[in-house]
Amino acid sequence: MRGRFYFLYLFLFGSSVLCAQNKELLYDFYEIPQSLMINPGVKTSEKWHVGIPVISGLSVQGATSGVTVNDLFANDGIDFTTKVQERVLDAMTRKDDFSTTSQIEGITVGFRGKNRPDDYYSFGMYGETDIIVYWPRDLALLAFEGNGGSNIGRSFDLGDLNLRGEMINVFHFGINRKMTESLTVGARAKLYSSIFQFQSIKNSGSFRTTVGQDNIYVTSIAADMQLQTAGVKGFYDIVEEDTGTTKKDVTSLFTNRVLLGGNLGLGFDAGFSYQLTPQTTITGSILDVGFIYNSKDVWNYNLNGSAATEGISVYLPEDIDNLNNDLWQELIDDIDAALPHGENQQSYISFRPVKAYGSIRYDFGEAGGNPFNNCGCGVNEQGGGGNRDYYPNSVGGQLFMMKRPRGVQAALTGFYQKRFGRVLALKTTYTIDKYSLTNMGLGLNLQAGPVNFYILGDNLLGYSNIADSHYASLQFGINIISWNDN
Amino acid sequence: MKRSFYLLLCITAALLLSQSCTEPQDFSQFEDLSITPTLATGLFYMESDEETINEAGSLVTFYSQTVNFDAFNEQYVAEHLIEGTITYEIVNTTSKQLRITIEFLDEAGNTLDVEQFDVEADPSGTNIWEVAYGPGGKSLDILANTSSLRITAFNFGDASSVSAQTEPKIKFKSAAEFLFRLK
């Protein structure tokens, strides 16, 4: 009981304080090297950069489009079951979800090509965990209310069960090329090393109890459901065995999977930045177009078929000589046979959640030379990196879209960015999406000599009572950046 | 001056990002969650035409069957059942007065409870009986200990008359609606 309680706590709290994968603050914040990771074609000014291992890029995001921790656990004197009924069962729909994403950069390195200063190469490794669970509304109603009473005649949609999650390690290599003064393009190849993956995303069917043709009720079920997992059973077996070496075995398996010992996949990112006018820039990127082929440690569970029952039925005179008294067991067996279910180890392909960004930015203010001079930035080189006007202010809009199991999830962002020379840059955002209409974010990039520190926080208004927040994210990191030969 | 301004901005931003707070939460409320679904299902259906009843004879049992029925005494059901109702419905369009009896038997074959339903000859409409179990009704132990059901159908009428109805039949229906406490 206590375990279940802590699981619920972690699930809801984790979801509420941490969000979807939108990184609107980091996007096109080109003073931060990690902006290359969400637009390989972002403008780059550095000569080289190196992330401090493990702490160069940490991000945790979480979201709930429905109930928050505070909705349920606030000390408000309202009966808990009433709160669950009114704020979860009556309020949440099958489109609501709980999601969490976290990333931790292990290594990140970038450098400008010696012979091709137009090119900026970057490579590294990062780990990512991404989980989304849609609210299984009809299944929850079935569990809480049952199929009787006022639910007679109601069809419970088994397709409401929809969830997906994975933990992966990503090895990547990207090229960012300044094609012209106005256009920068980039691409990044990715090798995915899966630690675990699970999905149950193509379910359909219904469960229904109605007035029967013969008997008072007939209960029918039609199901086409599947849970696919890869890499989960290995961990489960170790924990289940509970030997004295459990911790060591889990660590060993985890390390093996991180270092390409598990299921592998391929993917790519691509992006561009195009300067329409000296002060107006458009950008776009598409990320994680890729897949993982899951063939190792696969465990799937299927339920497929249809059945209907009105209970034990006897028809006379047809059954007059049937003296079998195991009619109940026969009924169970018939239903079991009509609903084939079981495990299998069939390989499957899981697709990565594709993300796309687009933006338009207008720079303004007192124009000056680029403070990142001596950058040796290829096309800029002849001008010492300062031929492009530098504006201290930017304003613009961004669009984010992400492929989720139930369709595309979008977010629209307006932003304002202020630069104080090379030392400091601030970016504020206002974002609307399915999680929040009041999401205001603030990002800070601080450059102290070669040391670069950034911290980006979303939905700051939600921080006043984080338990009541539908969306929050935090990213920070430290890099060493050089713009010259020192 | 300029440095102070930067410093102020940094401190402000850091404070904004770090000074999160939350109202007190009482997670022990989860223990108070009550989940009590009502589950409904058809139980037993029996029908017989009038010819079969006539062939069995007058004042005789024309059908008797004992069937294993472990739905109620499954451990989970027995432990979580709070209350429930079994509904019986009989439609008799034959020309005979009939009696249907349901006996709830334990594993040793002992009778735990008996339900007896008498129906008049056609026209007698739809006859409905509701038997409650749990608080205010019969003991839930009857259901929890039931391992099999004995169904008996008896003809109080003659063995020759035929109802004027097309396809005269006796239809015996039953269904259960049980309230469970899952948590």
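**Figure 1. An open sheet spans chains A and B in this predicted model.** The sheet has 5 strands, in the order E13(A)-E1(B)-E8(B)-E3(B)-E6(B). Its pairing is mixed. E13 of chain A and E6 of chain B stand at the edges. Each has a single partner strand, so one side of each is left without a neighbour in the sheet. On average, neighbouring strands are turned by 15° against each other, direction ignored. Strands of a sheet pair through backbone hydrogen bonds, either parallel or antiparallel.

**Figure 2. E13(A) pairs with E1(B) across the two chains.** Strand E13 covers residues 312–316 of chain A. The pairing with E1(B) is parallel and runs over 5 bridges. One residue pair to look for is A:Ile312, whose bridge partner in E1(B) is B:Phe44.

**Figure 3. E3(B) and E6(B) pair within chain B.** These two strands run antiparallel. They are joined by 8 bridges. B:Tyr88 stands opposite B:Trp129 of E6(B). E6(B) is also one of the edge strands of the sheet in Figure 1.

**Figure 4. The side of chain B that touches chain A draws on a helix and several strands.** In the contact, 48 residues of chain B meet 58 residues of chain A. On chain B, helix H1 (2–18) supplies at least two residues. So do strands E1 (38–49), E2 (61–68), E3 (81–92) and E8 (169–180), each with at least two. E1(B) gives the largest share, 12 residues. By class, this side of chain B has 24 nonpolar, 15 polar and 9 charged residues.

Figure 5. A:Leu316 is in strand E13, residues 312–316. Most residues other than glycine have a negative phi, and most peptide bonds are trans.

**Figure 6. Chain B has a cis peptide bond between B:Asp122 and B:Pro123.** Omega is about 5°. B:Pro123 is found in the loop between strand E5 (111–119) and strand E6 (126–133) of chain B. E6(B) pairs with E3(B).

**Figure 7. Two aspartates of chain A, A:Asp28 and A:Asp297, have a positive phi.** For A:Asp28, phi is near 60°. This residue lies in the loop between helix H1 (2–17) and strand E1 (48–51) of chain A. A:Asp28 has 27 other C-beta atoms within 10 Å, and the cut-off is 20 or more, so A:Asp28 is buried. For A:Asp297, phi is near 55°. A:Asp297 sits in the loop between strand E11 (280–294) and strand E12 (298–309) of chain A. A:Asp297 counts as buried because 22 C-beta neighbours lie inside 10 Å.

Figure 8. E18(A), residues 407–420, and E19(A), residues 424–432, run antiparallel and are joined by 9 bridges. A:Phe420 has A:Leu424 as its bridge partner in E19(A). A:Leu424 in turn has A:Leu446 as bridge partner in E20(A). E19(A) is antiparallel to E20(A), residues 439–448, with 8 bridges.

**Figure 9. Helices H5 and H6 of chain A cross at roughly 170°.** H5(A) covers residues 232–241 and H6(A) covers residues 246–261. Their axes come within 9 Å. An angle over 145 degrees counts as roughly antiparallel, so H5(A) and H6(A) are roughly antiparallel to each other. H5(A) makes the contact with A:Gly234, A:Phe235, A:Ile238 and A:Val239. H6(A) uses A:Thr246, A:Asp249, A:Val250 and A:Leu253. The residues of this contact divide into 5 nonpolar, 2 polar and 1 charged.

Methods:
Residues are numbered from 1 along each chain as its sequence is written. Chains are lettered from A and ligands numbered from 1 in the order in which they are written. This is a predicted model: local features need pLDDT of at least 70, side-chain atom pairs count only at pLDDT 80 or more; totals for chains, interfaces and linings use all residues. Two residues are in contact if their C-beta atoms, placed from the backbone, lie within 7 Å. Helices (H or I, at least four residues) and strands (E, at least two) are DSSP runs, numbered from the N terminus. Ala, Val, Leu, Ile, Met, Phe, Trp, Tyr, Cys and Pro count as nonpolar, Asp, Glu, Lys and Arg as charged, and the others, Gly among them, as polar. Two strands pair if DSSP finds at least two bridges between them. A residue is buried if 20 or more other C-beta atoms lie within 10 Å of its own, exposed if 12 or fewer, and partly exposed in between; C-beta atoms are placed from the backbone. Axes are lines fitted to C-alpha atoms, for helices over the stretch in contact, and angles run from 0 to 180 degrees between N-to-C directions. Angles under 35 degrees count as roughly parallel, over 145 as roughly antiparallel, 65 to 115 as roughly perpendicular and the rest as oblique.
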